[in-house]
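This briefing sets out selected structural features of one protein chain.

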Amino acid sequence: QATKYTIHASIDSTLGFSAETKLEGTVRHDGARILLFELSRYLQLKSVEMDGTALEFIQNEAIEGSELSRRGNDLVAVVFPQPLKMGTQLHLEFAYAGSVLTDAGGGLFYVGARGTWYPNRGIAMANYDITFRFSQPWTLLATGRQVGLAQDGTQWVGHWVSEGPIPIAGFNLGRYVRSTAQAGEVMVDSYATHAVEKEMTRPSQVDMVPTSQSPMPPEVSVASTQSGAAPNPALGGAQLATEAAAAILSLEKMFGRYPFSSLALTQRPGSDSQGWPGIIFLSSYVYLSSAQREAQRVSAADNVLFGEVMMPHEVAHQWFGDRVSWASYHEQWLLEAIANYSALMLLEPQRTTDQQVMLQAYRQLLASKSKDGTPFVEAGPVTLGVRLTSSKFPAGYEVITYGRGTWLLHMLREMFRDASRTAENPEGSDQVFLALLRGLYDRYQGKEITNSDFERAVEEVLPKSLWFEDRKSLDWFFDGWVNGTAFPRFEIKEARFSARTGKPTVSATVRQIDAPDDLVTSVPVYGLVGDNKVFLGRVFAEGQETRISLPVPPGVKRLILDPYQTVLTAP
């Protein structure tokens, strides 16, 4: 297990990249003679040493003419002279060079090896000490706190040190204009260029919602689709920094203190974005105005995504993703869902309609079909992670992780909110749900979280009204919804109203349509009094049909199931 990386890297005027990385770590198991590391196929490893002794290594060795030989891979095998013993302290030094940057135009550079520009063992918590040497016209940002920046002839030398263990390290490069804002003690910097890349990638499989179904080609010229002056992202940089500072202050109320001393927002070519410790890589689309995005013919949902959701989503990753990490690919959905749903919660006070636009976009994506007519929802449960992507479901990971994952968090939140309804507070409260998120962060910051950890944490605060079969357990939710692919529809029939005992009641049958026989769902039931919808309570629907009975206030003559769409259902 790696515990510290010390990296000295250099980028020359032709974008050539070279680096020396020292890795410190501890052997966790006996007997291994080969360790695998991730390193971009475009970087040629020159040497590997352990305590000054050269080690053998294998990089892109393949039979000539084979697919592997043509394509290469991002793995390096380091061979040790003797089997490693558990507890041994390793000190490895890697020297390598190559080309991992491309000039995308507009002062932007594409960093092709975002997470594999240094040899690593995958996403895992470690400390970083990073030094970069680069040409003066450029601005370089990296993960960690910047502790130095000095001129050396025609070059800059920058130094960054992580503020405690972080799961991954990265950098971005461009001819940026800087804008600043303040979130309490946290400095927020936005870095943007005066132009976008030469060709803007069509947002077809972006981080949170791969929405495009149009026949438009994957890359479109800005000049060909846009009237008036060319977009200048730098003009929106100051506003974006201000909005990010506001997002930090709002998210601090949810999760606790922002985990780093600063935040850098950096423009990058492409339609996707990523939030890494202290640095966020934001698509050029985020820096454009709504009208400019419309000129690029993005969908209504994508316009909300880029304008209202993507940046706060990546800011939320500073807590969940960068300070709390996932234990394996099975848990990646959870941190993406928390970040994404947190961003949607920030929309509620003033942009509730936009929140609903996103939720319904995810719902439609889950119902959309692959080439053979199979709905994307059947790609698998969220816990399959990257294995959701296949030739049958090329966007399976994005659709399920962000679409279904966001809805699962929405369902949990609405269940807790309904459980807190009282006569004094008929709308319910988010107090328990927000306390759950805060508790998760407090408990797992600097650590990795599993799905079992999450289930236990939710069960600890589970209100009695959500106990199925009188058990304080969420097995029914995790078995059917998290570890399953349920996408049912609901209907109510045979409703009978009675006031024989002097207390009006209603009995009815709730049907789960196109649902597994063992699916259990907490469904909110409302009664209609005139034009008003009155919350009656939640019921558990089990299997195909469930008989229910509820007290009703006078005047209720009709029942409605989930009128505000708090349960994920097929459209």
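**Core and overall form**

The largest nonpolar core comprises 172 residues, and those with the most contacts inside it are F17, L101, W117, F132, F171 and F477. Helix α7, which spans residues 332–367, gives this core its largest share, 16 residues. The model is a predicted one.

**Core residue F477**

- F477 is one of the residues with the most contacts inside the largest nonpolar core.
- Leaving out residues up to four places away in sequence, F477 touches L408, M411, L412, M415 and V482.

**Fold and dimensions**

- The protein contains 11 helices and 30 strands.
- Its radius of gyration is 26 Å, close to the 25 Å that the globule rule gives for 571 residues, so the protein is as compact as a globular protein of that length.
- Taken along the principal axes, the box filled by the C-alpha atoms is roughly 90 × 65 × 50 Å.
- Among contacts between residues at least 6 apart in sequence, 69% join residues at least 24 apart.

**Burial, surface and charge**

- Of the 571 residues in the protein, 54% count as buried.
- The protein exposes about 24,600 Å², and carbon and sulfur atoms supply 49% of that area.

- L15 is not a glycine, yet its phi is positive, at about 75 degrees.
- L15 is placed in the loop between β1 (2–11) and β2 (17–26).
- The relative accessibility of L15 is 10%, which is under the 20% limit, so L15 counts as buried.
- D51 likewise has a positive phi in a residue other than glycine, with a value near 55 degrees.
- The loop that holds D51 runs between β4 (43–50) and β5 (53–54).
- With a relative accessibility of 59%, which is over the 50% limit, D51 counts as exposed.

**Strand β1: residue A2**

- A2 lies in strand β1.
- A2 counts as buried because its relative accessibility is 10%, under the 20% limit.
- In sequence, A2 and L23 are 21 residues apart, while their C-alpha atoms are 6.7 Å apart in space.
- Apart from residues up to four places away in sequence, A2 touches L23, E24, G25, M125 and A126.

**Strand β28: residue G537**

- G537 belongs to strand β28, which covers residues 532–542.
- G537 has a relative accessibility of 11%, which is under 20%, and it therefore counts as buried.
- The contacts of G537, leaving aside neighbours within four places in sequence, are with V523, P524 and V525.
- G537 and A419 are separated by 118 residues in sequence, and the distance between their C-alpha atoms is 8.4 Å.

Notes
Residues numbered from 1 in each chain as written. Predicted model: local features only at pLDDT ≥ 70, side-chain atom pairs only at ≥ 80, totals over all residues. Heavy atoms only, no water. Helix = DSSP H or I, 4+ residues; strand = E, 2+ residues; numbered from the N terminus. Rg over C-alpha atoms; globule rule 2.2 N^0.38 Å. Buried < 20%, exposed > 50% of the residue type's maximum accessible area, 1.4 Å probe, protein only. Contact = heavy atoms within 4.5 Å. Areas by Shrake-Rupley, 256 points an atom, 1.4 Å probe, with all protein chains shown as cover. Core = buried A, V, L, I, M, F, W, Y, C linked by side-chain atoms within 4.5 Å.
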